[in-house]
Amino acid sequence: MSPRLIRLKALAAGLLALAAGMAQAAPAIAPGEYLTEHGWGQLTVRPGTQGRQRFELQTEGGNAHVCELGGEILPDGRLHIDGSDADEPPCHATARLQGRGVAIAHDDADACRQWCGARARFEGLYLKPAAGCTLSEVGRSRAEATRHYKAGRHAQARARLESLLADCSATLGWVDTHWIRNDLALTQYKLGDLAACLKTLEPLAADAAKSDAALREEWVSPVMEDSYLGPVRAARTNLRLCRGEGGRTRP
């Protein structure tokens, strides 16, 4: 074999190795909190060592079944889950950047399902929350709105709650969203803006018109039924207020 041919083969082998390395490496995920649409899942990514990152995943599914797992994100995007049994088939799961979020996928093997209750899952797209919309930031904003409301600063409370609904709607949990709507509606009522109050409660109005018994017949999961009945009952009272029908405000 000629020296020139040997050099060409060596160059080709080097290029193939470089391409393989590039294909295996996945773009690093920015550390921070990521939430699913409607807030049923939370992914937290933290810096690690040797090109690896730490992660924690928590999700909630039907009947309050949950997934809880954590471990490392390897440089190629594969997940190594803490507590995995080396003698058992592994859970083949990955974390990849997708748009403004992180897509978590797995092969649906028993090794992946063992981290979840029967009605929960952890695969999906986890979005980077908008500014002010992480779980802790939402909690602080709601607490701030409550302080404004109790102090009679209803305009400030309204501004804070309207901002939450407008800015954080993509990743807010649905029960939290309904409670925020009730808080905002009651604040609008205090300000005399009855039309805005009714508009805010529109997504709850149809269910608020039904009895608890009728709603229970529609729900398969008792746990989720109880979670939903609270904001629906509050909406019944607040709708009566904003329609001028009287009624007792909730504390």
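Guide: Let us begin with burial: a residue is called buried when its relative accessible area is under 20%. Please keep in mind that this is a predicted model.

Visitor: How many residues of strand 4 are buried?

Guide: Strand 4 covers residues 66–73, and six of its eight residues are buried, so the strand is largely enclosed by the rest of the structure.

Visitor: How do strands come together in a sheet?

Guide: In general, the strands of a sheet pair through backbone hydrogen bonds, in either a parallel or an antiparallel manner. Here, strand 3 (residues 53–60) pairs with strand 4 in the antiparallel sense over eight bridges. Within this pairing, Gln53 has Ile73 of strand 4 as its bridge partner. Five residues lie between the two strands of this hairpin, where Asn63 takes a positive phi near 55 degrees.

Visitor: What does strand 4 form with strand 5?

Guide: The two strands form a hairpin, again with five residues between them, and Gly77 in the turn has a positive phi of about 95 degrees. Strand 5 (residues 79–81) pairs with strand 4 in the antiparallel sense over three bridges; Gly71 has Ile81 in strand 5 as its bridge partner.

Visitor: In what order do the strands of the sheet lie?

Guide: The sheet is open, with eight strands in the order 5-4-3-2-1-8-7-6 and antiparallel pairing. Strand 5 and strand 6 (93–98) are the edge strands, each pairing on one side only. On average, neighbouring strands of this sheet are turned by 30 degrees against each other, direction ignored.

Notes. Residues are numbered from 1 along each chain as its sequence is written. This is a predicted model: local features need pLDDT of at least 70, side-chain atom pairs count only at pLDDT 80 or more; totals for chains, interfaces and linings use all residues. Side-chain values use heavy atoms; hydrogens and water are left out. Buried means under 20% relative accessible area, exposed over 50%, partly exposed in between (1.4 Å probe, protein chains only). Helices (H or I, at least four residues) and strands (E, at least two) are DSSP runs, numbered from the N terminus. Two strands pair if DSSP finds at least two bridges between them. Axes are lines fitted to C-alpha atoms, for helices over the stretch in contact, and angles run from 0 to 180 degrees between N-to-C directions.
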